[in-house]
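Subject: Structure handover

Hello,

Please find the structure below, with the sequence. My notes on it come after.

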Amino acid sequence: MTSLPRSRVLLTGACGTIGRAMALRFAAAGAQLFLMDRDAKALHALMEEVGADGCAADVTDTRQVADAHQEMV
């Protein structure tokens, strides 16, 4: 992956197998990450590991997605 120092990336399902792998790759490339997952405990551990912001949210709940959007901006 190329260097992405000025890129902002939103990952939903960040604690799943593919989401976690993507978070690690984007973090290694220098992207600014915002992570979302329903599992708050796993999410906070991943956020610490990759130095990202995030919030626990279920993307099928529009209110939770709206709240997450407010945290990102």
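Predicted model: local features only at pLDDT ≥ 70, side-chain atom pairs only at ≥ 80, totals over all residues.

Residues are numbered from 1 along each chain as its sequence is written, and side-chain values use heavy atoms, with hydrogens and water left out.

Helix α1

Helices (H or I, at least four residues) and strands (E, at least two) are DSSP runs, numbered from the N terminus. Helix α1 takes in residues 17–28, which makes 12 residues. From first C-alpha to last it reaches 17 Å, close to the 16 Å expected at 1.5 Å a residue; the expected span is 1.5 Å times one less than the number of residues.

Gly-19, Ala-23 and Phe-26 are buried in α1. Buried means under 20% relative accessible area, exposed over 50%, and partly exposed in between (1.4 Å probe, protein chains only). Viewed down the axis of α1, the buried residues fall within an arc of 75 degrees, so they line one face of the helix; the arc is that of the directions from the helix axis to the C-beta atoms. Their packing partners are β1 (8–12), β2 (32–37) and α2 (40–50), where contact means heavy atoms within 4.5 Å. On the face turned away from the buried side, α1 carries the exposed residues Thr-17, Ile-18 and Ala-28. Just after the helix, Gly-30 has a positive phi of about 90 degrees.

Nonpolar cores

A nonpolar core is a set of buried Ala, Val, Leu, Ile, Met, Phe, Trp, Tyr and Cys residues joined through side-chain atoms within 4.5 Å. The largest has 15 residues, and those with the most contacts inside it are Leu-11, Phe-26, Leu-33 and Leu-35. At least two residues of this core come from each of β1, α1, β2 and α2. The most is given by α2, with 4 residues. A second, separate core of 5 residues includes Phe-34, Met-36, Cys-55 and Ala-68.

Neighbours within four places in sequence aside, Leu-35 touches a list of residues, among them Leu-11, Ala-23, Leu-43, Val-50 and Cys-55.

Cysteines

The search of the whole structure finds 0 disulfides. Cys-15 is partly exposed, at 22% relative accessibility, whereas Cys-55 is buried, at 8%.

Salt bridges

There are 2 salt bridges, each a side-chain nitrogen of Lys or Arg within 4 Å of a carboxyl oxygen of Asp or Glu.

One joins the side chains of Arg-20 and Glu-49, at 2.6 Å from N to O. This pair links distant parts of the chain, with Arg-20 in helix α1 and Glu-49 in helix α2, 29 residues apart. Arg-20 is partly exposed, at 34% relative accessible area, and Glu-49 is partly exposed, at 47%.

Another joins Asp-67 and Arg-63, whose closest N and O atoms are 2.7 Å apart. Both residues are in helix α3 (residues 62–72), 4 residues apart, and are separated by about one helical turn. Asp-67 is partly exposed, with a relative accessible area of 36%, while Arg-63 is exposed, at 53%.

Regards

Note on methods
Disulfide = S-S within 2.5 Å.
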